[in-house]
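Student: Hi, could you walk me through this one? I'd like to talk about the core and the aromatic rings.

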Amino acid sequence: MNRRFITTALAICALLPAALPAFAQDNSGREGTFQGRNGVTASGVVVVTDAGVSLMRDFKLDGTTGAHVGFGRNGTLDADTDMGALQSVEGSQDYSAGQSFNVSDYDEVWIWNPADNSPLAVAKLN
């Protein structure tokens with residue numbers, strides 16, 4: 001064997017343990033489909049991973065402004081999971097969950113009005 005091959009193999013072996021956690025994560029996520037609430041029309045798929053929420057390109061929300069994105073559980077919003085204002089009323093967009101809560105504790109993604117915490121669209125996650 002030549003010296004270059006051995007050096008390359010040793011470098012790969014040294015770096016492999018650091019790279020494995022990223023490949024081992026389950027990035028498939030949980031999915032749901034939005035249903036409108038309180039007279040708002042909503043549609044589209046949402047995918048939730050440990051990193052946060054991704055609204056897919058088929059997402060659409062009609063009849064509202066000033067909405068925020070967060071999580072709920074068993075039909076109740078947890079306003080402490082607010083990931084910020086809705087970026088757009090249609091199309092793909094991503095929201096970071098940050099470190100302040102565990103996304104696996106929730107079974108719904110909410111789009112809601114922060115003025116009164118009323119639901120505008122809710123997606124039940126599988």
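Student: Which residues touch the most other members of the largest nonpolar core?

Tutor: This is a predicted model, and in its largest nonpolar core, which has 25 residues, F34 and V53 touch the most other members.

Student: And which strands each supply at least two residues of this core?

Tutor: Strand 3 (45-49), strand 4, strand 6, strand 9 and strand 10 (118-124) each do. Strand 10 gives the largest share, three residues.

Student: Back to V53, what does V53 touch?

Tutor: Leaving out residues up to four places away in sequence, V53 touches V46, V47, V48, V69, F71, M83, Q93, D94, Y95 and V109.

Student: Switching to rings, how many aromatic pairs are there?

Tutor: The count is four. One of them joins F34 and F59 edge-to-face, with 5.4 Å centre to centre and 65 degrees between the planes.

Student: Why does that pair tie together parts that are apart in sequence?

Tutor: F34 sits in strand 1 (residues 30-36) and F59 in the loop between strand 4 (52-55) and strand 5 (60-62), so the pair links parts 25 residues apart in sequence.

Student: Are F34 and F59 buried or exposed?

Tutor: Both F34 and F59 are buried.

Student: How about F71 and F101, what kind of pair do they form?

Tutor: F71 and F101 pair edge-to-face, at 5.8 Å centre to centre and 65 degrees between the planes. F71 belongs to strand 6 (residues 68-73) and F101 to the loop between strand 8 (93-96) and strand 9 (108-113), so this pair ties together parts 30 residues apart in sequence. F71 and F101 are both buried.

Student: Which residues do ring pairs link into a cluster?

Tutor: F71, F101 and Y106.

Methods. Residues are numbered from 1 along each chain as its sequence is written. This is a predicted model: local features need pLDDT of at least 70, side-chain atom pairs count only at pLDDT 80 or more; totals for chains, interfaces and linings use all residues. Side-chain values use heavy atoms; hydrogens and water are left out. Rings of Phe, Tyr and Trp (its six-membered ring) pair if their centres lie within 6.5 Å; planes under 30 degrees apart count as stacked, over 60 as edge-to-face and the rest as tilted. Helices (H or I, at least four residues) and strands (E, at least two) are DSSP runs, numbered from the N terminus. Buried means under 20% relative accessible area, exposed over 50%, partly exposed in between (1.4 Å probe, protein chains only). A nonpolar core is a set of buried Ala, Val, Leu, Ile, Met, Phe, Trp, Tyr and Cys residues joined through side-chain atoms within 4.5 Å. Contact means heavy atoms within 4.5 Å.
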